[in-house]
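This report covers ring contacts and the ligand site of the model shown below.

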Amino acid sequence: MNLPFNKPHLSGMEAKYISQAVANGHISGNGQFTKKCQSFFEERWGFKKCLLTTSCTDALEMCALLLDIQPGDEVIMPSFTFVSTALAFVRQGAKIVFVDSRTDHPGMDEDLIEELVTPKTKAIIAVHYAGVACDMDKIMTVAEKYHLWVVEDAAQAVDSYYNDKPLGGIGHLGCFSFHETKNIQCGEGGMLVINDERFSRRAEIIWEKGTNRAEFFRGETNKYGWVDIGSSFLPSDIIAAFLFAQLEELEDIQKRRCSIWHSYFSGLENWSAENGAQLPFLPEYATNNAHMFYMVCKNLEQRTALIKKMKENDILAVFHYLSLHKSPFYQSKHDGRELPESDRYSDCLVRLPMFYDLEEKNIRQITELINGNTKS
Ligand SMILES: *Cc1c(COP(=O)(O)O)cnc(C)c1O
């Protein structure tokens, strides 16, 4: 058996909707399917305004432009995250101030944020690792106290909640990813959620190359021209057509992933307790969107042995982020603080195969292999 780590799932309607988009005759951005995807997010999760982007990275770059990040501004975020979280702000000249992770969860330790705030701090980026909510009340409280912006990197957090609030809808801005490794995917894609109406108009302009094209086509202005900075952040309607086919299957996709997640959890509960490994922890305010199933091994040796054992059985288990404060690019720019929890997750966290078409028998094979009940 050859088990990949991820296998993008197809709902079956992707090709049909793509041909519909082609038949519509307009496959540039902001077309019919783009509007359908945006409305889906606005209606299902009650988001005020959504703009489809070519990636979550792009949505984060739009945030950096909207927040008017300038050279020297400080932006607080976890070190244990994907490059894009930092990259989008670094491109505008921001200095990244990294927060360590929690001991019970790879997400950033909300209690460490306030002490990192300086007069130069402009924003906090909350990353909902594995789709598990950060403690948003704590983060919003610090942000209000010091007048900071909050961006949610909800790349992994589609259809996940903080108490009864959907993630991506709590900070001033939120960003989702539809990269093929995410729950809902279109190869490459993203969504910017604008929760603070002060950003609505400008977001649309930045999205469409610094022009007021969207307003013009809505008949709100009789002139269409260059009014601000911006870029081409909007994807072709072909991509949106693919994405819409996935969104229609959201319930089914989430249900299947959750079932896989729970099979892993129950199959590994004993092993992890006996071997000093940590299973995913969900705070009482967080829901589970089953984006990922990870374990935190006791140490690097245990993880290396586990990945090796899986590989010998043609199963791909993989580690995750290398702390950004130790990355070749940012190491010399980091302020030098030790971030031991972030490093621990870099060394000890392992992710198991997680995708819609993973079968129960595959999960049993994996958990038995880890439990040591199966000869390789
Ligand atoms: C996947 C991911 C991104 C990047 O998403 P793209 O759509 O590939 O640009 C950013 N942040 C986090 C936390 C992610 O998991």
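## Charges over rings

The charged end of Lys333 lies over the ring of Phe329, at 3.9 Å from the ring centre. Arg344 places its charged end over the ring of Tyr345, 4.7 Å from the centre. A charge counts as over a ring if NZ of Lys or CZ of Arg is within 6 Å of the ring centre and within 35 degrees of the ring normal.

This is a predicted model, in which local features need pLDDT of at least 70 and side-chain atom pairs pLDDT 80 or more, while totals for chains, interfaces and linings use all residues. Residues are numbered from 1 along each chain as its sequence is written, and side-chain values use heavy atoms, without hydrogens and water.

## Aromatic pairs

There are 25 aromatic pairs in the structure (ring centres of Phe, Tyr or Trp, the last by its six-membered ring, within 6.5 Å). One aromatic cluster is made up of Phe40, Phe41, Trp45, Phe47, Phe176 and Phe178.

## Ligand site

The ligand is surrounded by 15 residues, the closest being Thr57, Asp153, Gln156, Ser177 and Lys182 (a heavy atom within 4 Å). This shell comprises five nonpolar, eight polar and two charged residues, with Gly counted as polar.

Polar contacts are pairs of N or O atoms within 3.5 Å. A polar side-chain atom of Thr57 is 2.5 Å from a ligand oxygen. For the side chain of Gln156, the distance from an N or O atom to a ligand oxygen is 2.8 Å, and for that of Lys182 it is 3.2 Å. Of the 390 Å² of accessible area that the ligand has on its own, the protein covers 92% (Shrake-Rupley method, 1.4 Å probe).

Note on methods. A polar contact is a pair of N or O atoms within 3.5 Å; within protein, one must be able to donate a hydrogen and the other to accept it, and residues adjacent in sequence count only if both atoms are side-chain atoms. Rings of Phe, Tyr and Trp (its six-membered ring) pair if their centres lie within 6.5 Å; planes under 30 degrees apart count as stacked, over 60 as edge-to-face and the rest as tilted.
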